[in-house]
Amino acid sequence: MMSMATSTDAQSPAPHAADSHDVIRVHGARENNLKDLSVEIPKRRLTVFTGVSGSGKTSLVFDTIAAESQRLINETYSAFVQGFMPALARPEVDVLEGLTTAIIVDQERMGGDPRSTVGTATDANAMLRILFSRLGRPHIGSPQAFSFNVASISGAGAVTMERGGRTVKERRSFRITGGMCPRCEGRGSVSDFDLTQLYDDSKSINEGPFRIPGYSADGWYGRIYGGCGFFDPDKPIREFTETELHDLLYKEPTKIKVDGINLTYEGLIPKLQKSMLSKDREAMQPHVRAFVDRAITFTSCPECGGTRLNEAARSSKIKGISIADACAMQISDLAEWVRGLDEPSVAPLLTALRHTLDSFVEIGLGYLSLDRPAGTLSGGEAQRTKMIRHLGSSLTDVTYVFDEPTIGLHPHDVQRMNNLLRKLRDKGNTVLVVEHKPEAIAIADHVVDLGPGAGTEGGQVVFEGTVEGLRASGTLTGRHLDDRACLKPSVRTPSGTLAVRGASTHNLRDVDVDIPLGVLVVVTGVAGSGKSSLIHGSVSGRDGVVTVDQTAIRGSRRSNPATYTGLLDPIRKAFAKANGVKPALFSSNSEGACPGCNGAGVIYTDLAMMAGVATTCEECEGRRFQDSVLHHRLGGKDISEVLAMSVTEAEAFFGAGEARTPAAHKILRRMADVGLGYLTLGQPLTTLSGGERQRLKLATRMAEEGGVYILDEPTSGLHLADVEQLLGLLDRLVDAGKSVIVIEHHLAVMAHADWIIDLGPGAGHDGGRIVFEGTPADLVATRSTLTGEHLAAYVDA
């Protein structure tokens, strides 16, 4: 009997029904440019999605799989809670099965709020505040006494309450002890106004002295300041008494009556602080941003020394270190200091804090400090900062979605990132990665290659399988996977130098360097070595320097490549001239707009906490213009047909024949040069991928007059095949007499350079020095730096 039982037990049991759901099945996906795409993605494996920029990777991974997962989770909350959450529409897909909870780690820049820092974004500051409130001496209060977001306030007065059927009055007082510096209000810097940029003091108010955008003498502000009665509007400002000048610049909000209308008068400076300085600089209109840059200088707060904290918060210390000192330390050093604290009463807190700080070091961000403003992090740094909270997570069987996690990483650091992705997978999670770098594609368990082209040419799965299968597949990605750029046989001779002396921004150590002009210069080094600090801190602001950085393009769903690049202006004028009407008719945001949808092409219906619905406008059928406007033609096409053209088609259309428009053709040629020939002119900016937006910005900035171009990681979001095209563009710029300085980690760009400046040897305080200057061939020959070793291996030297 025993032997029979044993043999029965030894037989493999039938698989449990619950174990059969081992794939994420997508069927009939049509989001953006996806063409009825169907694919099965294995769970608990690392799947990499490849393909040229614009082939549909983001549409499949983020806009379909991750979006539907998040939408289904949001639906589990009550309608009341959903009202406070972003409403997500169901993606255009027939079937989505086997989804698990999706955690998205994307490249969106972290909040540009001046009070948001690396510490506040990762909860490290919250733990430090509790630590100092328990162990700091002298004891000054609760954790909020160490927070630069909480102001110290107190108050007293009578409160009225109903008790036992009668009204009772009681005196109450309260006090909140916060850590905010009262002078800079927790921002760490104070703004000083250059008064000569605000007004011309030789003029009176009635003569219109203001140099501020929108403050003309005949506008509202001119009437308010002229009729307020606090000073003589006919007297030149330089003759104002001290009281009059104070009233003009600093007076508190005061009720006044001008021309029989009740208004509020406020001094110029508090008015500007509320209307302009409270906004994110990037969100300002260009002319307002130019005024702010001209009129306002930001200096470190003299009261708190830039620490954001008041004197009480800075006075409480643990082992001689205040919370301000701790936040200013390099995180790798702070981790060592926390490791030296041994206090049983806060043991769980110390364990959690050590883990968070060690995660920073493990992910390659040990060179940051907790007081670094979150808005100054690059896209890659922001993405890795978001990863920190997931590294020690006990969650398993979730789907992690990454958008090019190797962006901003030196080849030396890519290996570390690969190990982290493997770790997440080995805990039993599904890891989906959108990636272009061969080193990151190489670790995939499963590869999905989209294409064959970009835009309307893409949106299909052209290969599915292993990395080895991809190499042999003959797809664009497969053919270029083993591409290696060669060192140039000869390099260009510089036409001069651009001198940088005593650069000490951030971690730079009094760096002196002569950057050659008239050649292609690549500035490289590990992440955090000081590349951006050197170039943006010492070169960017100079005359004749055009900088194309990684800041996001801000645009509404009405913005498109034609409006962003200024292409629409010459097109509108050409249509107006050919038809004898005014240009405003050919703008969907102006007189020519369809009245049914106001030129949007779709009608949006808001359904409160449900996802809003967008339906094509029945009146204009999505063409955005009135019927009468579409009767006007240029070269046989109406304006809506022109906006539906791709850049390549439009370049041919405006380059010759009846529609020949040199101004439009010039812009279109630049867009084609940066590899955006497949984009349609009227495609909303919100549908473009990160790589496409950066190249659109590059095409726009190339029009600016300047002798020196600075590009910050232009290979971000570029497919291996597109990198060759980018190198061709850089060569054309240099051959046209421009100087090009590229901050870059991509080995193909380094190999193609005429001159390399390598910073290091490490990150943070271990970097900030120039460890090599010379030609790529010299760097490969000496192999004296980490970059040299990787470049030598890349070119098989």
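What is the mean pLDDT of the protein, and what share of its residues reach 70 or more? I looked this up before anything else. The mean is 89, and 97% of the residues reach 70 or more; pLDDT is the predictor's confidence in each residue, from 0 to 100.

I noted that this is a predicted model, in which local features need pLDDT of at least 70, side-chain atom pairs count only at pLDDT 80 or more, and totals for chains, interfaces and linings use all residues. Residues are numbered from 1 along each chain as its sequence is written, and side-chain values use heavy atoms, with hydrogens and water left out.

**Confidence.** Helices (H or I, at least four residues) and strands (E, at least two) are DSSP runs, numbered from the N terminus. Residues 1-9 have pLDDT below 50, and beyond near neighbours in sequence this stretch has zero contacts in the model. Contact means heavy atoms within 4.5 Å.

**His 480.** I located His 480 in helix α19 (residues 476-480). His 480 counts as buried because its relative accessibility is 13%; buried means under 20% relative accessible area, exposed over 50%, partly exposed in between (1.4 Å probe, protein chains only). Leaving aside neighbours within four places in sequence, I found His 480 in contact with Leu 720, Ala 721 and Glu 724.

**Helices α13 and α14.** I looked up α13 (residues 331-339) and α14 (residues 347-362), which pack at about 155 degrees with axes 9 Å apart. Axes are lines fitted to C-alpha atoms, for helices over the stretch in contact, and angles run from 0 to 180 degrees between N-to-C directions.
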